[in-house]
Amino acid sequence: MATVSTQGPVKSHPLLTTAVLSVVGYVLVLGTFAGIVNLFPPIGSDTVLLFSDLIAVINTCALTTLLVGFYFIRTGQVRKHRAAMLTAFGLIMVFLVLYLWKVGGGFEKEIVIEQGQFLAAYAGIVRPAYLVMLAIHILLSAVAVPVVIYPVVIGLTHTPSEIEETAHARVGRIAVASWSLSLFLGVVTYFLLNHVYSWVPR
């Protein structure tokens, strides 16, 4: 995979590039939730459900690719590591489009635990546990944005020998840990909401 080796503004200022891209991402997400940014046309309930399923599949693939990429760098397979991490990043970009479209053009869901469902007698514990996992997932997703973008920017603009002189490895380890946990919790909460319990639109 090609790497930009010439000196350019992105390569010279990776932190600034990371900050700009992070701000753009935050504006898109917060603007969509607030109803200020309307990039997507309305979608029906069936499409919202389809997007929910697709998002879970994409997140599972992203988590798998992320962990494989981590394995590759731990075993010194730099080219495979780069390919895996860029694939994971690409999958997250697809997730972001589908998620924002689902929120901006459709609706969000709220968990409902009914009698007869799994551990329904412990709804007072299950529901808070679900909400805590969801909160951690959302928090890590938000906090991880610059932490994920920075290693990608470095990886795309620096040669392997140049990367060793940057914070790519240190920040990358933090990115893998936070990103993996966020993706895992996202998949778990998806199954609880869509396949274990019930939901109502909100």
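The points below go through the model from the whole chain down to single residues.

1. Basis. This is a predicted model, in which local features need pLDDT of at least 70 and side-chain atom pairs count only at pLDDT 80 or more, while totals for chains, interfaces and linings use all residues. Residues are numbered from 1 along each chain as its sequence is written, and side-chain values use heavy atoms, with hydrogens and water left out.

2. Confidence. The chain has a mean pLDDT of 92, and 97% of its residues reach 70 or more. Over residues 1–5 the pLDDT is below 50, yet this stretch has 17 contacts in the model beyond near neighbours in sequence. Here pLDDT is the predictor's confidence in each residue, from 0 to 100, and a contact means heavy atoms within 4.5 Å.

3. Layout. The chain holds 7 helices and 2 strands, and from the N terminus on its elements run α-α-α-α-β-α-α-α-β. Helices (H or I, at least four residues) and strands (E, at least two) are DSSP runs, numbered from the N terminus. The C-alpha trace spans about 60 × 40 × 25 Å along its principal axes. Among contacts with a separation of 6 or more, 78% come from residues 24 or more positions apart.

4. Of the 202 residues, 40% count as buried; buried means under 20% relative accessible area, exposed over 50%, and partly exposed in between (1.4 Å probe, protein chains only). The accessible surface comes to about 11300 Å², and 71% of that belongs to carbon and sulfur atoms. These areas come from the Shrake-Rupley method with a 1.4 Å probe; for residues, only the protein chains shown count as cover. There are 11 positive and 8 negative side chains, with the centres of the two sets 9 Å apart. Lys and Arg count as positive and Asp and Glu as negative, without His and the chain ends; each charge is placed at NZ of Lys, CZ of Arg, CG of Asp or CD of Glu.

5. Helix H2. Residues 14–34 form H2, whose 21 residues reach 30 Å from first C-alpha to last, close to the 30 Å expected at 1.5 Å a residue. That expected span is 1.5 Å times one less than the number of residues. Pro14, Thr17, Thr18, Ser22, Gly25, Gly31 and Thr32 of H2 are buried. The buried residues of H2 pack against helix H1 (9–12), helix H4 (78–105) and helix H5 (123–157). Just after H2, Gly35 takes a positive phi of about 80 degrees.

6. Phe72. This residue lies in helix H3 (residues 45–74). Phe72 counts as buried because its relative accessibility is 17%. Leaving aside neighbours within four places in sequence, Phe72 is in contact with Gln77, Lys80, His81 and Ala84. Phe72 and Ala83 are 11 residues apart in sequence and 9.9 Å apart in space, C-alpha to C-alpha.

7. Leu119. The loop between strand S1 (109–112) and H5 contains Leu119. Phi of Leu119 is near 55 degrees, a positive value in a residue other than glycine. Most residues other than glycine have a negative phi. At 39% relative accessibility, Leu119 counts as partly exposed.

8. Leu193. Helix H7 (residues 168–196) includes Leu193, which is buried, with a relative accessible area of 10%. Leaving aside neighbours within four places in sequence, Leu193 is in contact with Lys109, Glu110, Ile111, Tyr130, Ser198 and Trp199. Leu193 and Tyr150 are 43 residues apart in sequence and 33 Å apart in space, C-alpha to C-alpha.
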